[in-house]
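Please look over the sequence and the model before reading on.

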Amino acid sequence: MAYEAQREGEPGDRTPPAPPSRSAGPPPAKSRRPLWRQRDFGVFWVAQTLSVLGDSFALIALPLLVLQATGSLARMGLLTAVGGAASVLAAVFAGALVDRVDRRRLLIVCDLVRMVLYGVIPLVWLFGPQVWLLYAVLPLCEAVGMLFAVGYVTVVRSLVGTGQLTEANGRLNATAAAAGVLGPLSAGLVAAWTGPAAAVGVDAASFGVSAACMLFVRFAPRSGDDGGQVGKRSLWQDLRTGVSFLYGHPVLRSLTALLFVFSFLTLGMTDLVIYHVKHDLGHDDTTVGTVMAVGALGTITGALLVARIRRGLGFGPTWTGAVAVCGLAFAGLGWARDVTVVAALSAAFLACGGIAGTCSMSLRQEVTPEPLLGRVTSAFWTLQYSAAPIGAAVLTWAAERRGTAPVALVAGACCVLIAVIALFTPIRTSRATEPAAHAGRNQGDQAAPATPSDPSARQR
């Protein structure tokens, strides 16, 4: 299914330094070392890049498998919707589970499970297309992927500390996007030569490699963990804890509401682009892979620029401007009749989507007390994506019946409207982390009673 070098107290962000806190992650000395000299982050970085390289195969191959077998955009959208629904359901429980178990072990198990599940698809496809299998495997993989994603968010801070979060997330996203350039190109070629099922097999293998790499990563100990308190609460109480923190934080509260609508509008965008290139413009699978690879170049650009842009403009203008450009690019996708223009607009959308997403994720990591990080991330994603599967199904259904151009125009215009609305919320200020830190301490104390060793501490 996702930064600046010194976030706190940087002049460009115009945010005063946050007071010292035991929720800040690893010791300060570690966070001052250049990322390229941090062995554990480096191994983690390689593992995730390889995993994304394989995932980009599935991103192309699974919709192509459905389109090849059924010829229906609506069936593509339904597969996306089913997978998204499973992800949302898993998000309800993911945070509580991540805060209860060993996160490193959880990440390894998630990789191995997805390796097995995706590996079944090419084996079964040897005996003929079985579309039902995709509707069985993808929801399971998406649910496991949500567990992995929540765990991933929580461990990045334990690897680099809060001071390097934006830079670390930006580097992870940049190299993942670089892998995403090679992945779609290769997936398109593999799908054209041997069929989309073989491309899914590559994805399965990548998860095995990622799991092997994770065996060599050491995470900082959970100083101040409130695991004992977590274990005494129900899953519903844990989800409510995360929701309570989000609601008490003015910027995160506004982000959650607006991203709920944004996700509803955009989850089906990849299906729309694939259908537009193949059906409306009449190109082959190789061209689809090329278009997606160019889009990944946009993600690389956004990831490399996000830290500098956020330092110069602050959180609010960066996030709002990125969402507005996403809307403009989406609006033009369906009207573009030249595949080069489609690729350029996809790149613009993914670049700005990456910038907005990186800023949002970094902010949550920076301001959330570590014992709450899994539950807050879980609650955020549950709320953000709860309507997205319905949106993907509606978007693709409408595009199949009304055409991609008008549907993309309406969805893009609504995305621009989201950016306009953000100007009238606390998101517009660049001093996002000042009220956040205060809200985080208060909510953390209320939602998760501290143990003697942990007033509010520790922790993608």
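Which residues form a nonpolar patch on the surface? Leu 417, Val 420, Ile 421, Leu 423 and Phe 424 do, with about 500 Å² of accessible area together. Keep in mind that this is a predicted model.

**Surface patch**
- Ile 421, one of the patch residues, is found in helix 17, which spans residues 404–422.
- Ile 421 has a relative accessible area of 39%, so this residue is partly exposed.

**Aromatic pairs**
- The structure holds 2 aromatic pairs.
- Tyr 118 and Phe 207 are stacked, because their ring planes lie at 5°, with the centres 5.9 Å apart.
- This pair links distant parts of the chain. Tyr 118 is in helix 4 (residues 103–125), Phe 207 is in helix 7 (residues 196–214), and the two are 89 residues apart.
- Tyr 118 is buried, because its relative accessible area is 5%. Phe 207 is buried too, at 0%.
- Phe 330 and Phe 349 form an edge-to-face pair. Their centres are 5.7 Å apart, with 70° between the planes.
- This pair also links distant parts of the chain. Phe 330 belongs to helix 13 (residues 315–333) and Phe 349 to helix 14 (residues 339–367), 19 residues apart.
- Both Phe 330 and Phe 349 are buried.

**Charges over rings**
- Arg 114 lies over the face of Phe 148, 4.7 Å from the ring centre.
- Arg 364 places its charged end over the ring of Phe 380, at 4.2 Å from the centre.

Note on methods. Residues numbered from 1 in each chain as written. Predicted model: local features only at pLDDT ≥ 70, side-chain atom pairs only at ≥ 80, totals over all residues. Heavy atoms only, no water. Patch = residues over 30% accessible without salt bridge, like charges linked within 9 Å, V, L, I, M, F, W, Y side chains within 5 Å. Areas by Shrake-Rupley, 256 points an atom, 1.4 Å probe, with all protein chains shown as cover. Salt bridge = Lys/Arg side-chain N within 4 Å of Asp/Glu carboxyl O. Helix = DSSP H or I, 4+ residues; strand = E, 2+ residues; numbered from the N terminus. Buried < 20%, exposed > 50% of the residue type's maximum accessible area, 1.4 Å probe, protein only. Phe/Tyr/Trp six-rings, centres within 6.5 Å; stacked < 30°, edge-to-face > 60°. Lys NZ or Arg CZ within 6 Å of the ring centre and 35° of its normal.
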